[in-house]
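I opened my notebook to look up a strand and its neighbours, and then a pair of helices. My notes follow in the order I made them.

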Amino acid sequence: MSNVCKICMERSNEWQERSLIDHLRAAHRDEPASVEQVYPELKEEVFSAVDNEERDGESVDSESPDPITETPSDALMDDTYGKKWYLIGVGGAGNNILDAILLRQETLEENNERRARIWNGGLAGYGPLNTNISELEQTYYAQEEKNYSRNDLLPNCIIGWGKHDYAGAGYRWDIGKELIEADFADDGDPFQERWDMKKSDIQDSQALMFVHSVTKGTGCGSTPTLAEKIRDRVLEDDFVVPKPLFSSIVIPSEGSEYSEFGGRAKVNGIVGLARASRAVDAIIPFDNNRLADVQADIRPRIDRLGEYNPPQYEEINKPLVAFLEAFTMSSVPQFLDRDATMSIMGDVFDPADSFRPVQDKYQHDPDREFTPAVVLAPVLGRSRANSFDRSKLEILVRNALFQNKLAEFDPTTAWGGTFLIYGPEEKMEDVSELASDGTLSSILADEQFLDAGRKDGIESIDIHLKQLVTPYLDDVYLWGTLWNPEMPSLDGMYEHARTLKQEGNTEQAENVREVWSDVEALFSCLGRENMA
């Protein structure tokens, strides 16, 4: 048995009991949910003995909770504590992506797919926010999830209630910032007073995920301020380990209408990323051009998405949802499997395990007042092979890091990465052996991929590999986040903003100057040469 209890983290030499089973009976008999989550294979042995002992002593309390059974109660399924994400979609892009996630969950449920439990067990709560009432009215969330009228949406989902005409912030990130600040002015608390978001659900989640773009004004301007307010007003400040905040950000695509001729969108992009890097712990950038180009095999089925997502975003939001679904699955509690037919077995990991903080690998500048968020480049590959050897895994890695990367980046410049390989039991038998013996890690470290042998300075390249057996999948997938690589589209935005800062005399130029220290902090960390 293990020499440490994974519930209380006491080592066996600290137990008064002789075995793990005896320790669980003595120390955790009043925590059945924890025992079932962490030690599902031991639950019957732990609690059946307890039941028998109590019945022999005629001490069973008629008001006590039922002993653990194979099927968790609906109350356990509905409990928010320990679920992975509290998800907030900000602005038009964020509202569309939230709709896509909700429709994905509905699609899985209506088709009686066990994978619906990934979202049931992964979402502690969610809600949309926007400055544009018309965009909110068109959402699945408003029309079907809540059956909201316009009058309902105004108090429940609008940013800047009573401070504007609800037509949006345009391309003005500064207006988006001002409107959300107005919601919190004079000790206002929209979480408590009106928004569709319970503070307790946010506190119960493992992490927060904001979903938004940095092209226009609402997502770009409002989200960083919202993240700061949540840290100050909602989250407890006495925890040793603070709750991680993530931003999934749709960035302006290189070569699109927002690139060569869209100066304001590029400025918004650089400002939005820089301000977000101060407010959150990790940024996951998604590039619409890359989302459009990925292979069809990572576009999951999402019924009726065309009814709620604009035509130009319907297909590109699917791989983004697939990436977040895999991320959510990585730490879905096992006890949420009601009938033990979808045991997600393997190395589940918490949100903060998906990255290493910048200060771990960055030479801290004593004059810099904050440490920027880490940038996590997203990848998701798929293999339909029936058996696996080193060659098949190389193909899967190439598929993930090149054909199906969801933002443009150079993997050989990353500081490291976290990877999750998962699939059905019959195929994972081969994969698990190759993952456990280091074969897959050595492939990822190869010079054509992360090139872990090349490093600048004394810091090593970290590669963290987890594996899961996930029933009701036909194929094997490789999910990953690569930390702080060089990204051409971000470099282009940076050069544009730097020129504007140096030579411009417009309000846009002044806005760039105001946040330039944040811009420099973020970009000084991208690329392997910037490790300590």
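I note at the start that this is a predicted model.

Entry 1, strand pairing. I began with Leu208, which stands opposite Leu245 in S4.

I then looked at the pairing of S4 with S5, residues 282–287. Here too I found 6 bridges, and S4 and S5 run parallel. For Phe246, I noted Ala282 as the bridge partner in S5.

Are the residues of S4 buried or exposed? I found that 7 of the 7 residues in S4, residues 245–251, are buried, so the strand is largely enclosed by the rest of the structure. I checked each face separately. Leu245, Ser247, Ile249 and Ile251 lie on one side, Phe246, Ser248 and Val250 lie on the other, and all are buried. I wrote down that both faces of S4 are covered.

I turned to H13, residues 217–233, and H14, residues 263–279. Their axes are 8 Å apart and the angle between them is about 5 degrees. Angles under 35 degrees count as roughly parallel, and therefore I recorded H13 and H14 as roughly parallel to each other.

Which residues make the contact? From H13 I listed Cys220, Gly221, Pro224, Thr225, Ala227, Glu228 and Arg231. From H14 I listed Asn268, Gly272, Arg275, Ala276, Arg278 and Ala279. Sorted by class, the contact of H13 with H14 has 5 nonpolar, 4 polar and 4 charged residues.

How values were computed. Residues numbered from 1 in each chain as written. Predicted model: local features only at pLDDT ≥ 70, side-chain atom pairs only at ≥ 80, totals over all residues. Heavy atoms only, no water. Buried < 20%, exposed > 50% of the residue type's maximum accessible area, 1.4 Å probe, protein only. Helix = DSSP H or I, 4+ residues; strand = E, 2+ residues; numbered from the N terminus. Pairing = 2+ DSSP bridges. Axes fitted to C-alpha atoms, helices over the stretch in contact; angles between N-to-C directions. Parallel < 35°, antiparallel > 145°, perpendicular 65-115°, else oblique. Contact = heavy atoms within 4.5 Å. Nonpolar A, V, L, I, M, F, W, Y, C, P; charged D, E, K, R; others polar.
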